[in-house]
Amino acid sequence: MFEELEIHIEEVEMCIQNIYKAVNDYANGTYESFEIDDKGTLFITKGNAQDLSNHVSDYLMTIANIIGVSIIE
């Protein structure tokens, strides 16, 4: 049981570190985002506030799911 909880804690820590890095990169003007053009080509562009918001929201949902799984277990 404790091993499973430790794995979940590590996953949450990773998500928090990724959120911190994304926000820090955005503040420094180095945040990058992936976009697909109308031909389906994937390219990297300078991220904007909406990209950052989506990125952080995804990680927060991941954290919520991890916590939910931990409670169920």
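Let me begin with the term patch, by which I mean a group of residues with over 30% relative accessible area and no salt bridge, where like charges are joined within 9 Å and nonpolar side chains (Val, Leu, Ile, Met, Phe, Trp, Tyr) within 5 Å. A salt bridge here is a side-chain nitrogen of Lys or Arg within 4 Å of a carboxyl oxygen of Asp or Glu, and the areas come from the Shrake-Rupley method with a 1.4 Å probe.

The model is predicted, so local features need pLDDT of at least 70 and side-chain atom pairs count only at pLDDT 80 or more, while totals for chains, interfaces and linings use all residues. Residues are numbered from 1 along each chain as its sequence is written, and side-chain values use heavy atoms, with hydrogens and water left out.

Phe 34, Ile 36, Leu 42 and Ile 44 make a nonpolar surface patch of about 470 Å², to which E1 and E2 each supply at least two residues. Leu 42, in strand E2, counts as exposed at 56% relative accessibility, where exposed means over 50%, buried under 20% and partly exposed in between.

Strands E1 (residues 32–36) and E2 (residues 42–46) pair in the antiparallel sense over five bridges, pairing requiring at least two DSSP bridges, and Leu 42 is the bridge partner of Ile 36. The two strands form a hairpin with five residues between them, and Gly 40 in the turn has a positive phi of about 90°.

Along the sequence, finally, the chain follows the pattern α-β-β-α, with helices (H or I, at least four residues) and strands (E, at least two) taken as DSSP runs numbered from the N terminus.

Methods: Buried means under 20% relative accessible area, exposed over 50%, partly exposed in between (1.4 Å probe, protein chains only).
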